[in-house]
Amino acid sequence: MTIGGKGRHPGRQHLLQLAAKVDLPEAWARQTIERIAVVAGTLAAHAKGAGIKPATLAAVRNSIEANRKRMA
């Protein structure tokens with residue numbers, strides 16, 4: 001599946017294009033993208049005590065942060 005022509009690494013603009021294509025209000029799409037980016041940034045706090053291996057947590061956190069940067 002592609003989002004705005006980007007298969008693996010869509011950014012904020014690609015998501016906003018998709019939202020426009022399906023007639024979602026731009027303000028709602030922007031707020032939703034921001035809300036998800038903020039929540040995704042709280043992974044480390046929620047993962048404490050969950051028994052996740054440090055290497056696994058680091059890999060997931062790195063992927064999340066790369067995605068959050070694309071949403072900036």
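1. Helix axes here are lines fitted to C-alpha atoms, over the stretch in contact, and angles run from 0 to 180 degrees between N-to-C directions. Helices are DSSP runs (H or I, at least four residues), numbered from the N terminus. Two packed helices are described by the angle between their axes and the distance between the axes.

2. A word on the source. This is a predicted model, in which local features need pLDDT of at least 70 and side-chain atom pairs count only at pLDDT 80 or more, while totals for chains, interfaces and linings use all residues. Residues are numbered from 1 along each chain as its sequence is written, and side-chain values use heavy atoms, with hydrogens and water left out.

3. Start with the helix pair. Helix α1 covers residues 12-21 and helix α2 covers residues 26-40. They pack at an angle of about 140°, and their axes are 10 Å apart. Angles under 35 degrees count as roughly parallel, over 145 as roughly antiparallel, 65 to 115 as roughly perpendicular and the rest as oblique. The pair α1 and α2 is therefore oblique. Their crossing is right-handed; that is, the near helix is turned clockwise from the far one by less than a right angle.

4. Which residues of α1 and α2 meet? From α1 come R12, Q13, L15, L16 and A19. From α2 come E26, A29, R30, I33 and E34. Contact means heavy atoms within 4.5 Å. The residues of this contact divide into five nonpolar, one polar and four charged. For these classes, Ala, Val, Leu, Ile, Met, Phe, Trp, Tyr, Cys and Pro are nonpolar; Asp, Glu, Lys and Arg are charged; the others, Gly among them, are polar.

5. Next, the buried side of α1. Buried means under 20% relative accessible area, exposed over 50%, and partly exposed in between (1.4 Å probe, protein chains only). R12, H14, L16 and A19 are buried in α1. The buried residues of α1 pack against α2 and α4 (54-70).

6. The largest nonpolar core has five residues: L16, A19, A29, I33 and M71. M71 touches P10, G11, R12, L15 and I33, not counting residues up to four places away in sequence.

7. L15 lies in α1 and is partly exposed, with a relative accessible area of 24%. L15 and R30 are 15 residues apart in sequence and 9.0 Å apart in space, C-alpha to C-alpha. L18 is also in α1; at 34% relative accessibility, L18 counts as partly exposed. L18 and K53 are 35 residues apart in sequence, and 36 Å separates their C-alpha atoms.

8. Where is R70? R70 is in helix α4. Its relative accessibility is 26%, so R70 counts as partly exposed. Leaving aside neighbours within four places in sequence, R70 contacts H9, P10, G11 and R12. R70 and Q13 are 57 residues apart in sequence and 9.2 Å apart in space, C-alpha to C-alpha.

9. Last, check the loop between α1 and α2, where D23 is found. D23 has a positive phi of about 60° although it is not a glycine. Most residues other than glycine have a negative phi. Is D23 buried or exposed? D23 counts as exposed, at 67% relative accessibility.

Terms used:
Helix = DSSP H or I, 4+ residues; strand = E, 2+ residues; numbered from the N terminus. Core = buried A, V, L, I, M, F, W, Y, C linked by side-chain atoms within 4.5 Å.
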